[in-house]
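Hi there,

Here is the structure I promised to pass on to you. Have a look at it first, and then read on for my notes.

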Amino acid sequence: MERTEERMPSAGNGDADTQTVSMQEIMEKARQLADLIVRSEEVDFYRRAEQQIKRSQKVQSLIAQIKRKQKELVHAKHLNKEQLAAQLEQELERLQDELDEIPIVAEFKESQLEINDLLQMVTNVIANTISEKIILSTGGDPLTGETGLMPLEDEKK
């Protein structure tokens with residue numbers, strides 16, 4: 001995107017709430033937020049569950065069987081062996097169901113969903129807060145979501 005020579009009017013009046021920050025400062029705060037999230041209970045549980053899964057011979061065996069069947073299925077479909085492909089799909093579904101019935105696997109998948117929910121909530125809070133602050137800083141109406149019209153720097157004097 002090209003920048004035009006015309007300058008955009010300043011939206012700030014110099015107070016701490018409207019002082020501009022660099023992209024570098026924003027990225028540093030994002031890394032700090034990521035550090036907090038990594039230390040959350042949700043991520044801690046995810047790590048522990050993942051370790052249990054890696055140590056479980058039964059889980060690892062099922063995962064290996066699923067991977068083999070997936071490769072066989074791709075090969076069968078490539079060769080247009082529809083009957084074999086249908087049989088392999090049924091076997092894959094059975095193996096996946098067996099894997100999903102193992103409590104630690106179900107807990108691991110649940111922890112993945114919880115982490116995704118946490119990340120989505122953080123994203124929503126950031127987006128909503130930015131929108132609200134923009135609306136309020138321009139004298140807009142937060143109930144309608146419309147921004148106001150701010151005077152130009154020259155008009156303030």
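Helices here are DSSP runs of H or I with at least four residues, strands are runs of E with at least two, and both are numbered from the N terminus.

Before going further, please keep in mind that this is a predicted model, where local features need pLDDT of at least 70 and side-chain atom pairs count only at pLDDT 80 or more, while totals for chains, interfaces and linings use all residues. Residues are numbered from 1 along each chain as its sequence is written, and side-chain values use heavy atoms, with hydrogens and water left out.

Back to Gly145, which counts as partly exposed because its relative accessibility is 42%. The cut-offs are these: buried means under 20% relative accessible area, exposed means over 50%, and partly exposed is in between (1.4 Å probe, protein chains only). Gly145 and Ile135 are ten residues apart along the chain, and their C-alpha atoms are separated by 6.8 Å.

**The overall picture**

The protein chain has six helices and zero strands. Read from the N terminus on, its elements run α-α-α-α-α-α. Of the 157 residues in the chain, 18% are buried.

**Helix 3 and helix 4**

Helix 3 covers residues 57-78, and helix 4 covers residues 82-100. The two pack at an angle of about 160°, with their axes 9 Å apart. (Axes are lines fitted to C-alpha atoms, for helices over the stretch in contact, and angles run from 0 to 180 degrees between N-to-C directions.) Helix 3 and helix 4 are therefore roughly antiparallel to each other. For this label, angles under 35 degrees count as roughly parallel, over 145 as roughly antiparallel, 65 to 115 as roughly perpendicular and the rest as oblique.

Now look at the loop between helix 3 and helix 4, where you will find Asn80. Its phi is near 60°, a positive value in a residue other than glycine. Asn80 is exposed, because its relative accessible area is 61%.

With a relative accessible area of 7%, Ile66 is buried. Ile66 and Leu95 are 29 residues apart in sequence, yet their C-alpha atoms are 6.5 Å apart in space.

**Salt bridges**

How many salt bridges does the structure hold? There are six, where a salt bridge is a side-chain nitrogen of Lys or Arg within 4 Å of a carboxyl oxygen of Asp or Glu.

- Lys69 bridges to Glu91, and their closest N and O atoms are 2.6 Å apart. Lys69 lies in helix 3 and Glu91 in helix 4, so this pair ties together parts that are 22 residues apart in sequence. Glu91 counts as buried, at 18% relative accessibility.
- Lys77 and Glu89 meet through their side chains, at 3.2 Å from N to O. This pair links distant parts of the chain, with Lys77 in helix 3 and Glu89 in helix 4, twelve residues apart. Lys77 is partly exposed at 47%, and Glu89 is partly exposed at 37%.
- Lys109 and Asp100 also meet in a salt bridge, at 2.6 Å from N to O. Lys109 is partly exposed at 34% relative accessibility, as is Asp100 at 31%.

**Helix 5 and its neighbours**

The axes of helix 2 (residues 41-55) and helix 5 come within 9 Å and cross at roughly 150°. That makes helix 2 roughly antiparallel to helix 5. Helix 2 passes helix 5 in a left-handed crossing.

Finally, Leu33, Leu36, Ile126, Ile130 and Ile134 form a nonpolar patch on the surface, with about 420 Å² of accessible area together. Helix 1 (23-38) and helix 5 (103-137) each give two or more residues to this patch, and the largest share, three residues, comes from helix 5. Patches are made of residues with over 30% relative accessible area and no salt bridge, joining like charges within 9 Å and nonpolar side chains (Val, Leu, Ile, Met, Phe, Trp, Tyr) within 5 Å. Accessible areas come from the Shrake-Rupley method with a 1.4 Å probe, and for residues only the protein chains shown count as cover. Ile134, in helix 5, is partly exposed, with a relative accessible area of 44%.

Happy exploring!

Methods
Left-handed = near helix turned anticlockwise from the far one by under 90°.
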